[in-house]
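Please look over the model shown below before reading on.

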Amino acid sequence: MGVLNNKVAIITGAGRGIGMETALLFAKEGAKVVVNDLGANPDGSGHEKVADEVVAEIKALGGEAVANYDSVDSYEGGINIFNTAMEAFGAVDIVINNAGILRDKTLFNMEESDWDAIMAVHLKGHFNCTQPFVRYIRETNRLNCRIINMSSVSGLIGNFGQTNYGAAKAGIAGFSRSLSMEMAKYKCTVNTISPGAATRLTIDLMKAAGREVNPDDWSQGPQQIAPIIAWICSDEANEITNQIFHVSSGTVGIMQQPAVIKSFKSEELWSMDQLNQLMPDLVEAKKTHDKEVEEKGKPS
Ligand SMILES: NC(=O)c1ccc[n+]([C@@H]2O[C@H](COP(=O)([O-])OP(=O)(O)OC[C@H]3O[C@@H](n4cnc5c(N)ncnc54)[C@H](O)[C@@H]3O)[C@@H](O)[C@H]2O)c1
């Protein structure tokens, strides 16, 4: 008996990397899985039926899965993915918005098409694949569902050469925060993952940063992300919502969310002299806070 017995899960971009590892673990834990994947190149071009291989692997292990090849970047694609689950399994409990691509360039060199493609797959992709699910939850009053969204340190902290990807991934964190409030009534949790794993999207970047890369080592590869996602989707996590979990290098952590650290109140309109006094204080408070958080966040 698995922790996801009889749950129906849609996992986008599940033909490779983090999505594939999650699909395989979900099937082992008893879930019925829609393996969505367009089979795109890392930049989003092209398509291949990689989803079929994952479905075959799940079936060979005695699990239940169905493939879908729609692109998450279109509204119709999101509806087709949802309908694939309904036709195959008659219900949906979990949506994992994982599909992703990269078009890394500094803003100096970025083409409009690089911006648009990243927004379409990542940010609009989350909207496209989540809206059919939340409407279904409302119409059927289905309780205890799960939505998992995929952000990145690029969006939560920042990364050189990724203004497009960082903006989309920060948007996904914002999407999750507001959606968790809308879905609370249905006891549907909405959580965000900030992963770090050696996959085809990151291996070259890791090597360029001088790191030794071995994706078969669990603490480096995408397999380390899957158990965290499965646990958040289990009944143990019924009360856990609106959180960002950072999973990387064999560690799992919880991230801070934007919050006011220190503030001043004035009885009159701010003067430049007043601000000369106060603003350095605010920046200092932020630096102290960052140091404390860095210390607390070290793995134990
Ligand atoms: N690997 C990391 O360290 C890392 C870090 C931060 C965020 N992420 C995010 O995690 C997610 C998974 O990335 P990964 O590293 O496993 O990459 P990956 O390239 O191994 O897998 C991504 C999959 O998404 C599919 N895909 C791409 N565009 C699609 C579309 N329009 N519709 C459907 N499927 C599509 C690809 O075909 C591919 O199989 C992505 O959202 C990525 O941005 C990964």
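This is a predicted model: local features need pLDDT of at least 70, side-chain atom pairs count only at pLDDT 80 or more; totals for chains, interfaces and linings use all residues.

Helices (H or I, at least four residues) and strands (E, at least two) are DSSP runs, numbered from the N terminus.

**Helix H3**

- Helix H3 covers residues 75–89, and its 15 residues should span 21 Å at 1.5 Å a residue, which agrees with the 22 Å between its end C-alpha atoms; the expected span is 1.5 Å times one less than the number of residues.
- The buried residues of H3 are Gly77, Gly78, Ile81, Phe82, Thr84, Ala85 and Phe89.
- Seen down the helix axis, these buried residues of H3 fall within an arc of 145°, so they line one face; the arc is that of the directions from the helix axis to the C-beta atoms.
- An α-helix has 3.6 residues a turn, so residues three or four places apart point the same way.
- The cover over the buried residues of H3 includes strands S1, S2 (32–36) and S3 (64–68) together with helix H4 (112–140).

**The shell around the ligand**

- There are 33 residues around the ligand, and Gly13, Arg16, Gly17, Gly100 and Thr199 come nearest; a residue counts as near if its C-beta atom, placed from the backbone, lies within 6 Å of the molecule.
- Helix H1 (17–28) and strand S6 each supply at least two residues of this shell, and the largest share, three residues, comes from H1.
- By type, the shell divides into 14 nonpolar, 15 polar and four charged residues, with Ala, Val, Leu, Ile, Met, Phe, Trp, Tyr, Cys and Pro counted as nonpolar, Asp, Glu, Lys and Arg as charged, and the others, Gly among them, as polar.

**Domains**

- The domain assignment, which is automatic or from a database, gives domain 1 (8–254) and domain 2 (260–300).
- The C-alpha centres of domain 1 and domain 2 lie 35 Å apart.

**Two buried residues**

- Ala198 lies in the loop between strand S6 (189–196) and helix H7 (203–208), and it counts as buried because it has 22 C-beta neighbours inside 10 Å.
- Leaving aside residues up to four places away in sequence, Ala198 touches Ile203, Met206, Val213, Pro215, Gln220 and Gly221, contact meaning C-beta atoms, placed from the backbone, within 7 Å.
- Lys7, in the segment before strand S1 (8–11), is buried because 24 other C-beta atoms lie within 10 Å.

**Positive phi in a loop**

- Most residues other than glycine have a negative phi, and most peptide bonds are trans.
- Asn141, in the loop between H4 and strand S5 (146–150), has a positive phi of about 50° although it is not a glycine, and with 8 C-beta neighbours inside 10 Å it counts as exposed.
- Asn144, found in the loop between H4 and S5, has a positive phi of about 60°, and its 13 C-beta neighbours inside 10 Å make it partly exposed.

Terms used
Residues are numbered from 1 along each chain as its sequence is written. A residue is buried if 20 or more other C-beta atoms lie within 10 Å of its own, exposed if 12 or fewer, and partly exposed in between; C-beta atoms are placed from the backbone.
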